[in-house]
Amino acid sequence: MAENRRLLTNFLFCSGVFTLTLWNNIKPSDENEFIANYSSSLLEDHYDYETKSLPLSHTKRLQFASADNKINHPSWDVEQNTSDSLVLSNIPEDGISDLIQLLSKFNKTSGLKNLALNNITTSWGNFTRILQIVWHTSTEYFSIFKVKLMSHINKQHFNYDGTSLKAVIITNVSIEVFYFSQDDLYSIFSEMNITALTISDSKMIHMLCPSKPSQFRFLNFSNNDLTDMVFQGCNNLDLLETLILQRNQLKKLSKVSSMTSKMKSLKHLDISRNLLYYDENENYCHWVGTLAKLNLSSNKLTDSVFGCLPINVQILDLQNNQIRTVPKDITELKALKELNIAFNRLTELPGCSHFRGLELLNIEENSILTPSSDFFHSCQNIRELRGGHNPFQCSCELRDFVNFEKKSGGRLVGWPESYVCEYPDGLKGIQLKDFQLSELSCNTTLLLVVALVVTVVVVAVTSFLCIYFDIMWYLKMMWQWTQTKRRVRKSHPEDLQSILQFHAFISYSERDSLWVKNHLIPNLEKEDGSVQICLHERNFIPGKSIVENIINCIEKSHKSIFVLSPNFVQSEWCHYELYFAHHKLFSESSNSLILILLEPIPQYLIPARYHKLKALMAKRTYLEWPKEKSKHGLFWANLKATINSNLPISAKVVVETD
């Protein structure tokens, strides 16, 4: 404002006819901004001058605001004026004649380049007359802001020849009549042979196609009521490069694409903030091949829109639609460099397999949880990514996203403030830069390798233990024990009720049978019958299996005597008998095992599966057969005492061989 205060001088006419604002060396970029600034500029300090002393001949911009319905003042010599810009404001219907009289003073040599009318009320006839007057002056840019048309609209003759105009801007038009010919109104504008035309905020429902090849390069019909029928089949807009139709009533995207197919030079199309949708089952889209910038934001477009896009588009704006995902089977947009899909419903970060040249991507304010699998592989050319304000699920997939930022050197816009975990609840609110997971928990290959190694180790260790301790053999024995017990229960339930019948069950190797038959049995089975044994040939039940007979004998014997020797540990049947006896020892909590060491057994001769024998020999007292005859008597006495301890009944000794 200090700058404007230096450049701006306000003059208040003493007669009170109008206020004149003089601008020196100011070139406004926009007439709307200039008008908005005008009211505040009038509040600045001003100085009173006599009208005759106004230095109008050196003023760059003049602005008049009518105070008493008069706009033309005799003291202003237009012919001597060198101002290139003029703004006339607040002109009612009865002041239009003064306006026309003032504008009629300008001609091709007057030097006026920019003319703006603000807040005027007039008839359609006077409106076209003002246009016609300005058309044949030196004015190049003519703007009309807030105009009210009061009278009947009819066809007006208009001479378009010899104009200096390049652009006409008409905004906020209010028509107070309701019945008129649309052609009479719109033909005035469609036939203009100028470069740029803007008609906005005017509730315009249609625009005619020029009747001959047009000079239009820029058309802005934003914030009106135009429908899909506008410019359909129009062949006379070959030079048009920019078309703005935002905030209208456009609905079918396929029709809009058909509209552009005849605009051979069209590069920029803005059809945002309409009601556009695309049904892929309807007509195919026919876009002009020159279209490079397309704004489709704030419509009703879904995923299907990717089947209706110009193939050569470079800048595409799809924000604020209803897109959930980028389909995999769309046509590749090789020329696309900027893509805006913010404020949609995407659930994952899309890849760039169909946009290989993409440099700028905006996916803010979606529902993205994780990036897609091919994003980091296919989006190598991304220079700038806006992905913040999404409900990120902090999982292994996001580690690559975080690493992408670390490697990209600032390509993520808004990092780290806009990138926050939403799920799971335990991590909610944590910035992605602070989220960490171990390599093992996220690297599937590494996890599989570790799991495989652990599995192999467990299997190997288990196999080794099974082999070393002969686990399978013990499982087999357990199965046989269980099956035999079950058969006994079913076929001979009376056996379960039997009392103990034998003093002892003797287990020995066939190679040691000579000692058993010549020494052990004779010394235990004496005439007094103090100890009874049973031989297998007289006590085994024919028809039963050996295992079943062994189990029965062990269960019906108070003691089990094992004659240990190197031959014993090499006998499979001896191993069975030891296992069953040991099982009885623990299941019945009895002290029924008697170990006789006939010959010393070196540890290296004992197989691994005889670990129970090793344990028994290490923990239990055993009787060792003495080599000296003088000690035999003591041996037999100890053995008999052990057998007869706590015996409730007499028993027989069963002898089993392998």
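I started at Gln246, which touches Phe221, Ser222, Asn223, Asp270, Ile271, Ser272 and Asn274, leaving aside residues up to four places away in sequence; contact here means heavy atoms within 4.5 Å. This is a predicted model, where local features need pLDDT of at least 70, side-chain atom pairs count only at pLDDT 80 or more, and totals for chains, interfaces and linings use all residues. Residues are numbered from 1 along each chain as its sequence is written, and side-chain values use heavy atoms, with hydrogens and water left out.

I placed Gln246 in the loop between β11 (242-244) and α6 (253-260); helices (H or I, at least four residues) and strands (E, at least two) are DSSP runs, numbered from the N terminus. Is Gln246 buried or exposed? Its relative accessible area is 19%, so Gln246 is buried (under 20%; exposed is over 50%, partly exposed in between; 1.4 Å probe, protein chains only). I also found a side-chain polar contact from Gln246 to the side chain of Asp270, at 2.8 Å (N or O atoms within 3.5 Å, one able to donate a hydrogen and the other to accept it; residues adjacent in sequence count only if both atoms are side-chain atoms).

Next I turned to α18. I listed its buried residues: His632, Phe635, Trp636, Leu639, Lys640 and Ile643. Down the axis of α18 they fall within an arc of 125°, so they line one face of the helix (the arc is that of directions from the helix axis to the C-beta atoms). Their cover includes β22 (502-507), α13 (513-524) and β24 (557-564).

Finally, I noted 18 helices and 27 strands in the protein, with 48% of its 658 residues buried.
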